[in-house]
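Me: I want to learn how to read helix packing and nonpolar cores in a model. Can you walk me through one?

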Amino acid sequence: MKRNGVRQGITEIAESFSIRKLRGSDYRVPTEFELARMKKLSRELSYCPLISVIVPVYMPDSVHYRLMIESVAEQSYDNLELILADASPDEDASGFRMIADSFEDARIKYLKMEENGGISANTNVALEAAKGEYIVLLDHDDELTPDALLRVVEKIISFKKDSGKLPDVIYSDEDKLTTSGDEYTERNSKPDFDHNLLLCCNYICHLTVVRADLLKKLGFRSEFDGSQDYDMLLRAYREGAVFCHIPQVLYHWRITPVSTSSNTSGKSYAYDAGKRALEEHASALGWDAEIYNLRNVGYYEFRYSGDLLKKRQQVGAVGGRVVSNAHRGKILGGIMDREGNPIYAGLPSGYTGYFHRAALQQSAPVLDIRCIRISERFYNDFYRITGIKYSEHRTPGIISLRPHEITRAPQDGEKVFDFKSKEFTEDEILKMSLELSKMICDAGYELLYYPTWQVTWK
């Protein structure tokens, strides 16, 4: 509450209770029969690359550290190596070495570092020692599911069969594991790769697997410690990396008092590093934009100077939210799925939703024509579809999600077309939204959802 004020704090508490049931995890520990079947599948794979799991180690809880190693050693896919780069003080490192040695597994390689260079430098040491074709990133107190590497290799094989190329970055869904290890919670069901959503948060996070030659080229940069993986993913995107998603929980992120999974207030340096990585990303792409922290830490907003549609030529339309009331109403429309169902419909307008995604810029399958901006190249098509000449005749009421700021003045290029004064039924609006969005996508352009633009619709 101290960060965002009493009113916003009350809203956040109410929201957390309302969506708690959506934040459980459906993960189930596999039975012995299922584990045996996974091992059989692993032996029958047509492609069995060496997978390197790299772990920077620094003063972990010994029990959690052992469980992490165990989760790798007991993978159903066994063509792997585990690289442990330990930067703990000598008096503690000897114990961690003993734990690693106790597995008596030649696939486990323990490296004692002379000094603690920070998470990026330590990870780079493990990366340099890795010999695999793909690299898996794992934290020293987290766990992989028993089938994690099997599913990764299956995805590599199927992706190659379907597209004729190997994926560069593979990521999966994840959940959280309580400190005691007796409960899985907060499943994060992620969308397929969306570079616009990646501009707002590192939604990829865990599990992340990267082709070895690409990752060794990129490495991790110490100036972005805390968000070094986010910085790496943004640079991978700029390199033209091909991303693919496995919609299955393969990674358990352990909740501990010092981990980012439970302690966001003490990790401000990490979120500042993420913001700097995004600023560099925007500059490298030639976008004139400022990056702002949203009220939910670790989440960001891009604000483009001037006309967004002229800054980003591949974007054909930008759409905002349609709400029944700006402050106490509910979301009625905005971003839709391909059938025209509003994705965040019914959510109170002050709520950010499941993993805060309702408040984030993201790619859209369909945009609501009631709050939209379109590129000039589609003005005639707009007239053909709606019977109305396109004009950005109104500035929308804008709700800012920045801390300590309720509203802000609109910037240049933030006027939208608003159907508020037009006599159309909701069925007609839906039909026009679907037709216009499809036409823009078929022409090879993107649709961008920009939720801080909104109009009311009674």
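This is a predicted model: local features need pLDDT of at least 70, side-chain atom pairs count only at pLDDT 80 or more; totals for chains, interfaces and linings use all residues.

Me: Which numbers describe two packed helices?

Reply: The angle between their axes and the distance between the axes. Here, helix 9 (residues 228-238) and helix 10 (residues 268-284) have axes that come within 9 Å and cross at roughly 15°. Angles under 35 degrees count as roughly parallel, so helix 9 and helix 10 are roughly parallel to each other.

Me: Which residues of helix 9 and helix 10 meet?

Reply: Helix 9 brings Tyr 230, Asp 231, Leu 234, Arg 235, Tyr 237 and Arg 238. Helix 10 answers with Gly 274, Ala 277, Leu 278, Glu 280, His 281 and Ala 284. Sorted by class, the contact of helix 9 with helix 10 holds 6 nonpolar, 2 polar and 4 charged residues.

Me: Now helix 12 and helix 13. At what angle do they pack?

Reply: About 150°, with their axes 10 Å apart. The pair consists of helix 12 (residues 379-386) and helix 13 (residues 426-442). The cut-off for roughly antiparallel is over 145, so helix 12 and helix 13 are roughly antiparallel to each other. Their crossing is right-handed.

Me: And which residues meet between helix 12 and helix 13?

Reply: From helix 12, take Asp 381, Phe 382, Arg 384, Ile 385 and Thr 386. From helix 13, take Met 432, Glu 435, Leu 436 and Met 439. The contact of helix 12 with helix 13 divides into 5 nonpolar, 1 polar and 3 charged residues.

Me: Next, cores. What do nonpolar side chains tend to do in soluble globular proteins?

Reply: They tend to be buried together. In this chain, the largest nonpolar core has 84 residues, and Phe 302, Ile 374 and Leu 436 touch the most other members. Strand 20 (residues 446-456) supplies the largest share of this core, 6 residues. Leu 436 also belongs to the helix 12 and helix 13 contact.

Me: What is Phe 302 in contact with, beyond its neighbours within four places in sequence?

Reply: Leu 199, Leu 278, Ala 282, Trp 287, Ala 289, Glu 290, Ile 291, Gln 361 and Tyr 450. A second, separate core has 39 residues, including Ile 51, Met 68, Ala 100 and Leu 149.

Me: How many helices and strands does the whole chain have?

Reply: 13 helices and 20 strands. Of its 458 residues, 53% are buried. Take contacts between residues at least 6 apart in sequence: 75% join residues at least 24 apart.

Conventions:
Residues are numbered from 1 along each chain as its sequence is written. Side-chain values use heavy atoms; hydrogens and water are left out. Axes are lines fitted to C-alpha atoms, for helices over the stretch in contact, and angles run from 0 to 180 degrees between N-to-C directions. Helices (H or I, at least four residues) and strands (E, at least two) are DSSP runs, numbered from the N terminus. Angles under 35 degrees count as roughly parallel, over 145 as roughly antiparallel, 65 to 115 as roughly perpendicular and the rest as oblique. A crossing is left-handed if the near helix is turned anticlockwise from the far one by less than a right angle, and right-handed if clockwise. Contact means heavy atoms within 4.5 Å. Ala, Val, Leu, Ile, Met, Phe, Trp, Tyr, Cys and Pro count as nonpolar, Asp, Glu, Lys and Arg as charged, and the others, Gly among them, as polar. A nonpolar core is a set of buried Ala, Val, Leu, Ile, Met, Phe, Trp, Tyr and Cys residues joined through side-chain atoms within 4.5 Å. Buried means under 20% relative accessible area, exposed over 50%, partly exposed in between (1.4 Å probe, protein chains only).
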